[in-house]
Amino acid sequence: QVQLVESGGGLVQPGGSLRLSCAASGFTFTKSFMSWIRQAPGKGPEWLAAINLGGDDTWYSDSVKGRSTISRDNAKNTLYFEMNSLKPGDTARYYCARGATGDDRRDWGQGTQVTVSS
């Protein structure tokens, strides 16, 4: 079955940066678009970014465009998400997902918590 394990979250100061990783197994990573989703307490999921099979085409939500980068290492079956200029509003649980849209929650990992606070 799909297994996605995120890591790299934690407490970050405003203006700081983060790099999240997602180790994938249980499916053919190289044949799957991938994406990042986040969910803040009391709010619905927010799609953040997606990447194509080869990693040469990416898409971003307006909320993170220009300050984030999604990337993948197909040799390591790993997805990454880097974001800078972090704000308290970026506090959320961050999930990687199989597929470009993350519509099916069964294709999400367990998430990693990111808290932006001084």
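Me: Why does Phe-33 count as partly exposed?
Reply: Phe-33 has a relative accessibility of 32%. Buried means under 20% relative accessible area, exposed means over 50%, and partly exposed is in between (1.4 Å probe, protein chains only). Phe-33 at 32% is therefore partly exposed.

Me: What kind of model do these values come from, and how are residues numbered?
Reply: This is a predicted model, in which local features need pLDDT of at least 70 and side-chain atom pairs count only at pLDDT 80 or more, while totals for chains, interfaces and linings use all residues. Residues are numbered from 1 along each chain as its sequence is written, and side-chain values use heavy atoms, with hydrogens and water left out.

Me: What makes the nonpolar surface patch of about 240 Å²?
Reply: Phe-33, Leu-53 and Trp-59 make the patch. Like charges are joined within 9 Å, and nonpolar side chains (Val, Leu, Ile, Met, Phe, Trp, Tyr) within 5 Å. Areas come from the Shrake-Rupley method with a 1.4 Å probe, and for residues only the protein chains shown count as cover. Leu-53 has a relative accessible area of 33% and Trp-59 has 35%. Leu-53 lies in the loop between strand E5 (46-51) and strand E6 (58-60); strands (E, at least two residues) and helices (H or I, at least four) are DSSP runs numbered from the N terminus.

Me: How many aromatic pairs does the structure hold, and why is the pair of Phe-33 and Trp-59 called stacked?
Reply: There are four aromatic pairs. In one of them, the rings of Phe-33 and Trp-59 are 6.1 Å apart, centre to centre, with 20° between the planes. Rings of Phe, Tyr and Trp (its six-membered ring) pair if their centres lie within 6.5 Å; planes under 30 degrees apart count as stacked, over 60 as edge-to-face and the rest as tilted. The pair is therefore stacked.

Me: Why is the pair of Trp-36 and Phe-81 called tilted?
Reply: The centres of Trp-36 and Phe-81 are 5.8 Å apart and the planes make 35°, so the pair is neither stacked nor edge-to-face. This pair links distant parts of the chain, Trp-36 in strand E4 and Phe-81 in strand E8 (residues 78-83), 45 residues apart.

Me: How do you know whether Trp-36 is buried or exposed?
Reply: Trp-36 has a relative accessible area of 0%, so Trp-36 is buried. Phe-81 also has 0% and is buried.

Me: What makes Arg-105 count as sitting over the ring of Tyr-95?
Reply: The charged end of Arg-105 is 5.6 Å from the ring centre. The rule asks for NZ of Lys or CZ of Arg within 6 Å of the ring centre and within 35 degrees of the ring normal. Arg-98 likewise lies over the face of Phe-27, at 5.2 Å from the ring centre.

Me: Which residues does Asp-107 touch?
Reply: Contact means heavy atoms within 4.5 Å. Not counting residues up to four places away in sequence, Asp-107 touches Val-2, Leu-4, Cys-96, Ala-97 and Arg-98. Asp-107 has a relative accessible area of 15% and is therefore buried.

Me: What is said of the phi of Asn-77?
Reply: Asn-77 has a positive phi of about 50° although it is not a glycine. Most residues other than glycine have a negative phi. Ser-85 also has a positive phi of about 50° and is not a glycine.

Conventions
Patches are made of residues with over 30% relative accessible area and no salt bridge: like charges are joined within 9 Å, nonpolar side chains (Val, Leu, Ile, Met, Phe, Trp, Tyr) within 5 Å. A salt bridge is a side-chain nitrogen of Lys or Arg within 4 Å of a carboxyl oxygen of Asp or Glu.
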